[in-house]
Amino acid sequence: MNGLLNPPNRPARHPSTDSGLEPTFRDPAGQLRLMDDCALRQIRPAAREVTLEFLRSPLRTALEQSGDLIASKIASPDDHPLVAPGELWLEHPRVDPISYPWEWTTAQWRAAAELTLRVASQAIAAGWTLKDATPLNVLFMGPRPVLVDVLSFERRDPRSTVWLAYGQFVRTFLLPLVAAKYLGWPLEATLFRRDGYEPREISKALPRRQRFSPAWFDVVTLATLLERPSQKPSDAKKLPTAKDPALARHILEKRIARLGKQIRHAAGTPNRSQWSDYTQAARHYKPADIERKRQFVKATLERLRPARVLDIGANTGSYARMAAEAGAEVVAFDSDAAALETLWETAAREKLPIAALVANVARPTPAAGWRNREHLSLLDRLVGRFDLVLMLAVIHHLILREQAPLALIGELAASLTRRWLLVEWVPPSDPMYQEWLRGRDELYGNLSEDDLKQAFAPFFAVADRCSLDNQRVLLLFERMGETSGGAAETGKINHKESTA
Amino acid sequence: MKLLRILPLVMIFMGALLLSERPAYAYADPGTGLLALQAAGSALIAAGWYLRRKIYTLFHRAKPAADNQEEAARVVNGEDSHSS
């Protein structure tokens, strides 16, 4: 109860983490802090025994070996000044970058939901259960979802036929997917719905006939009908059990299998958009130009050998994939969810180290949650963490659709990269530029490659150049005054620049 | 008619299951409607579990081999009735 009544202690000796996040505070069993190179989880005394029991269990070993659960080890006071002798702390590897459910494609939601159900099912078979089941407990390591909350596991009453986290799973996984598919409520809107949607909200919004769809009649319509707002307090404390533990397990397994079916139904049909077939349908590129561009990017990647690459406006990920194949860890984002879905599916299928996020560089995902310190903004997660940033055919979008001046684009790019920036400049004569120009020739019709270089000059020097027959130009920029240095240090320097 | 015979049994099992309860200690909000849905769903699945052999015989003439000890014994002893 201490965890519920008292706010988390923050003794003076605790140095603040540089992540900009508050330690987590909802789970009474413990709290998590993000450090530079790891995540530290403090376990409260009341949860100590069950946590140690879980750490010793074959279930934990199996889940870690399959990659479904984040690795944990007991943190030593010798390695971490935060850890006081006698306290139980766990150390986990940092997942970088963190991505939030409001930045996932539908297929990523499905993968995260299926992971949660798979883990819940294994836990039930081993005599454990998941006490919570929310997308916020899942992060993506590259394209692979991983459950990161080891405090979610608790011993199961072998006779209980209820999965207490069922309601949370329905509200936070299933109903957002149903709402996205059948009501057009974007998955991005979950930024404002930490606990998802209540069944009655979805029931009210669905057309009357659709409320009886067998796919969600139980979790939407029936659950709404069974709601009892004025129930007696004693009723809320009683849960059904079965005399036979084998029956209890059978019921729980059936329930999880049903949720799996419902998730597959709600997240089934892939979306298509203007941009999802863009690479294949591009009319403004002749095969020779595409080949020349590919060769230049490939040669640049092989020469620079970047460890971490950011692909802004990655589309379906041709170049993100090239960077991954050249040995880089890649973060790729695009505002078009359908195009990014193709990217994520390719990366997941081929096990490429690419983290995919649905995000818009011009309107980056904001910080969110309690005091805006529970979830980091997109830029806080990306600034200064990349050796090479790709902005291929993106800048004309920022100029024409976001009306961003070139100098500000250069400043943003300089805050993201530690050293290199590869730009594809699309000139005003290009059909794609003309498509978005829309009569604003006087303002934007005469911008040239020289204007780009001049605007970027305070931050970058041109290191290489390749012109294509279709008048587009590939420019490799090198950050001035930065030849090497740690990510965090560079990030701080850059952050000052970008806020100056 | 077989269906009518098993109906009282279904009701008894559902009632027995719903009456058997223990205190709940939830961390995540279990909801009210979704929790009640689980209770009702549990009762239905339990009914199916207890009556699975009866339900099986509604649609199949022969009993499943694994559920029939005599038949299982014959199979083990090499006296498989289906092969004769």
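Trainee: How many bridges join strand β10 of chain A to β13(A), and do they run parallel or antiparallel?
Mentor: Three bridges join β10(A), residues 308-312, to β13(A), and the two run parallel. Strands here are DSSP runs of E with at least two residues, numbered from the N terminus. Two strands pair if DSSP finds at least two bridges between them. Before we go on: this is a predicted model, where local features need pLDDT of at least 70 and side-chain atom pairs count only at pLDDT 80 or more, while totals for chains, interfaces and linings use all residues. Residues are numbered from 1 along each chain as its sequence is written, and chains are lettered from A and ligands numbered from 1 in the order in which they are written.

Trainee: Which residue is the bridge partner of Asp311(A) in β13(A)?
Mentor: Leu390(A).

Trainee: What else does Leu390(A) touch?
Mentor: Its contacts include Val309(A), Tyr319(A) and Leu422(A), leaving aside residues up to four places away in sequence. Contact means C-beta atoms, placed from the backbone, within 7 Å. Leu390(A) is also among the residues with the most contacts inside the largest nonpolar core, which has 146 residues. Such a core is a set of buried Ala, Val, Leu, Ile, Met, Phe, Trp, Tyr and Cys residues joined through C-beta atoms within 7 Å.

Trainee: And β14(A), why is it largely enclosed?
Mentor: Nine of its nine residues, 417-425, are buried, so the rest of the structure largely encloses it. Buried means 20 or more other C-beta atoms within 10 Å of the residue's own, again placed from the backbone.

Trainee: Which strands does β14(A) pair with, and in what sense?
Mentor: β13(A), residues 386-392, pairs with β14(A) in the parallel sense over six bridges. Phe386(A) stands opposite Thr417(A) there. β16(A), residues 473-479, pairs with β14(A) in the antiparallel sense, also over six bridges. On that side Trp425(A) stands opposite Val473(A).

Trainee: What's the order of the whole sheet?
Mentor: β12-β11-β10-β13-β14-β16-β15 in chain A, an open sheet of seven strands with mixed pairing. The edge strands are β12(A), 354-358, and β15(A), 460-467, each pairing on one side only.

Trainee: Switching topic. How many residues does each chain give to the contact?
Mentor: Chain A gives 35 residues and chain B gives 26.

Trainee: Which element supplies the largest share of chain B's side?
Mentor: α2(B), with twelve residues. Helices are DSSP runs of H or I, at least four residues long.

Note on methods: Buried ≥ 20, exposed ≤ 12 C-beta atoms within 10 Å, placed from the backbone. Contact = placed C-beta atoms within 7 Å.
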